[in-house]
Number of protein chains: 2
Amino acid sequence: MRDFSQDHRWLSLNTATVRKQWKLDRIIEECARRDIRAISPWRDQVAAVGLEKVARQLRDTGIVLSGYCRGGFFPAADAAGHQAALLDNRQAIDEAKTLGAPCVVLVVGSLPGALTGKPAYTDIARARTEVFDGIAAALEYARQVGMPLAIEPLHPMQAAERACVNTLEHALDICDALDPQQTGALGVALDIYHVWWDPKLQQQIARAGAARLLAYHVCDWLLPTRDLLNDRGMMGDGVVELKKIRGWVEDAGYQGYSEVEIFSELDWWQRPGEEVLDTCVSRHRSAV
Amino acid sequence: MRDFSQDHRWLSLNTATVRKQWKLDRIIEECARRDIRAISPWRDQVAAVGLEKVARQLRDTGIVLSGYCRGGFFPAADAAGHQAALLDNRQAIDEAKTLGAPCVVLVVGSLPGALTGKPAYTDIARARTEVFDGIAAALEYARQVGMPLAIEPLHPMQAAERACVNTLEHALDICDALDPQQTGALGVALDIYHVWWDPKLQQQIARAGAARLLAYHVCDWLLPTRDLLNDRGMMGDGVVELKKIRGWVEDAGYQGYSEVEIFSELDWWQRPGEEVLDTCVSRHRSAV
C-alpha cells in the first residue's frame with residue numbers, strides 16, 4: 001500500500017467540495033498553489049467558466065483530471081426523454097475528451113422525476129432496465145471516441161432519486177454483461193461514502209480488480225448524519241475505515257488518485273475555501 | 001396473493017407508530033375498537049404500563065402479537081458490555097414469552113457507542129463478528145424456551161449506529177450458519193423500508209421461504225426523505241412497490257400479518273392517534 005503520509009501527490013479534488021466558495025477557475029488556481037495535481041470537475045462548474053478556458057487552464061497549470069462528473073440519469077418518462085439523456089451523455093463524453101479526463105463518472109439515475117418529488121413511475125426494476133440499456137448505448141459512443149465510463153454505485157438511501165445501482169456487486173454485474181472482455185471501456189467509480197457499509201465490499205473490490213476500478217473517492221460518514229445528501233464528513237471525522245478500504249483497493253491493483261468529494265451544506269461549504277483545501281491536504285496524509 | 005381490499009384482518013400495528021400520542025394500554029384499546037387483531041409493542045412501552053397488565057389486556061381483548069420489539073444491540077466495548085447485552089436479550093425473550101409473541105425482533109446493533117456519537121471502535125467487521133456471536137448465544141436460550149428470533153436487516157444508512165446487518169442476504173447467511181436445519185428458531189423480520197432498494201430482494205425473499213420469514217413490516221419511502229430515522233411514510237405516500245413485494249413474500253409462503261411501523265417525527269407523530277390508526281386501516285386495504 002502506498003505511503004500517503006509524506007506528500008499529497010495522489011490527492012485529487014472533486015471540485016464539488018468547494019463549489020459554494022469558488023468558481024472553477026479559482027478552484028484550479030488554488031489547487032495549483034497547493035500542488036494538488038488532479039481534480040474532478042462537474043459539468044455545470046465547467047460550463048460556468050467555459051470548456052475551452054478550463055482546458056487551457058488545465059494545460060497551463062499541468063493539473064490533470066481524475067474523472068469528469070457526470071453522465072448518467074438514463075431513465076426517462078418517455079422516448080423523447082431517453083433520446084435527450086443519450087444526447088446529454090454524448091456531450092458529457094465529448095467534454096471529457098476535451099479536458100483529457102480518464103473517465104466519465106455515471107450517476108445512473110433512477111425513477112424519472114423523483115428528484116422533484118413526482119416520479120413518472122415507481123417500478124425500480126424498470127429503471128434498472130433503462131439504466132442498463134442507457135449505459136449500453138452510451139458505451140457504444142464512448143468506445144468510438146475512447147472515453148471509459150465509470151458506473152458509480154450510490155448509497156441505497158439515494159436509490160429513489162439519483163441512482164438505482166446501489167452496490168458494487170450490481171455495478172460489476174453490469175460491467176461484466178456489457179464489457180465481458182474487461183477492455184477498460186467500462187468500470188466503476190468507487191466512492192467509500194456509498195459503499196463502506198457493504199459486507200461484501202472487500203470481496204467485490206477484489207472481483208473488480210484494476211481493470212474495473214477507474215476512480216476512487218473519499219470523504220467520511222458522520223455520526224450523526226443529518227442529511228441524506230449533503231452531510232458528508234472530512235476524512236478522519238467519521239467512522240469509515242479509510243486505510244483499510246484503500247488497502248483492499250490497492251491490493252486489487254488500483255494505483256490512481258484518491259479523490260476527495262465532500263458535499264457539506266452545514267459545515268465545509270460554510271468555511272473559507274482555503275481552509276477546506278488545506279484540510280483536505282493534511283487529512284489526505286493522516287487519514288486516507 | 002391474499003386480497004387485503006375487503007378487510008384488515010392481516011393488519012398488525014407496530015405500536016411505535018403512535019408512541020408519541022398514547023401509552024400502550026390506550027393503544028391496545030384503540031386497536032380493539034377498530035378490530036385490529038395484532039400489535040407489535042416495544043419493550044419501553046410495555047414497561048411503562050407493566051408487563052402483567054399488558055398481558056392481561058391482550059388476553060381480555062383477544063389481540064395477539066406479530067412480534068416483540070426488540071432484542072439485539074450485541075456489540076459492546078468490553079466483556080461486561082457483552083454480558084449485559086446477553087442478559088438484556090434473555091429478558092426480552094422472557095417478556096416475549098409472557099406476552100405470547102411469535103418472535104423477538106433483533107435490531108442487532110453496530111459500532112458500540114455510535115448512537116451517542118462516540119464509537120468505541122470503527123471496525124464494522126468486528127461488530128459483525130460480535131453480532132454473530134451474540135445471536136448464537138441468545139439463540140441458545142431462545143431455543144430452550146421456544147421463542148424464535150427474527151433478525152431485522154436495517155437500511156444501510158443505519159449501519160453505523162443501529163445494525164450492521166443491512167441486507168436480507170446477510171441476515172439469511174447468518175440464519176443458515178446458526179440454524180442450518182431451518183428449525184424455525186431463527187429467521188428474519190423483513191421491513192420493506194430497509195430493503196426495498198435491494199436489487200437482490202426478490203431472489204433473497206425466495207431464498208428465505210416461509211421457514212425464515214417470521215415478520216413482515218410495511219410503511220413507505222418518501223420523496224424527499226428528510227431524516228435518516230424518523231421520516232417514514234404512510235403506505236401509499238411513497239415509492240415502494242408494496243403489492244409487488246408482498247406478492248414475492250407470499251409466493252415464498254408467508255401468510256402472516258403486515259405490520260405497520262411508521263416513525264414520523266414531522267408528520268404522523270404530530271397527528272391525532274385516531275387519525276393515524278384509521279389511515280393505517282384504510283391504507284392497508286388500498287395500498288398494501
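View 1. A:Ile39 has A:Leu65 as its bridge partner in β3(A). Strand β2 (residues 38-40) of chain A runs parallel to β3(A), and the two are joined over two bridges; pairing requires at least two bridges found by DSSP. Helices (H or I, at least four residues) and strands (E, at least two) are DSSP runs, numbered from the N terminus. Residues are numbered from 1 along each chain as its sequence is written, chains are lettered from A in the order in which they are written, and side-chain values use heavy atoms, without hydrogens and water. In this predicted model local features need pLDDT of at least 70 and side-chain atom pairs count only at pLDDT 80 or more, whereas totals for chains, interfaces and linings use all residues.

**View 2. The crossing of helices α4 and α5 in chain A.** The axes of α4 (residues 79-99) and α5 (residues 124-145) come within 10 Å and cross at roughly 35 degrees. The crossing is right-handed, that is, the near helix is turned clockwise from the far one by less than a right angle. Among the residues that meet are A:Leu86 and A:Ile93 of α4(A) and A:Ala138 and A:Tyr141 of α5(A). The contact residues comprise seven nonpolar, three polar and four charged; Ala, Val, Leu, Ile, Met, Phe, Trp, Tyr, Cys and Pro count as nonpolar, Asp, Glu, Lys and Arg as charged, and the others, Gly among them, as polar.

**View 3. Backbone details in chains A and B.** The peptide bond from B:Cys69 to B:Arg70 is cis, with omega near 0 degrees, and B:Arg70 belongs to strand β4 (residues 68-72) of chain B. A cis bond also leads from B:Leu223 to B:Pro224, with omega near -10 degrees. B:Pro224 sits in the loop between β8 (213-218) and α9 (242-251) of chain B. A:Gln182, not a glycine, has a positive phi of about 50 degrees.

Definitions and conventions:
Axes are lines fitted to C-alpha atoms, for helices over the stretch in contact, and angles run from 0 to 180 degrees between N-to-C directions. Contact means heavy atoms within 4.5 Å.
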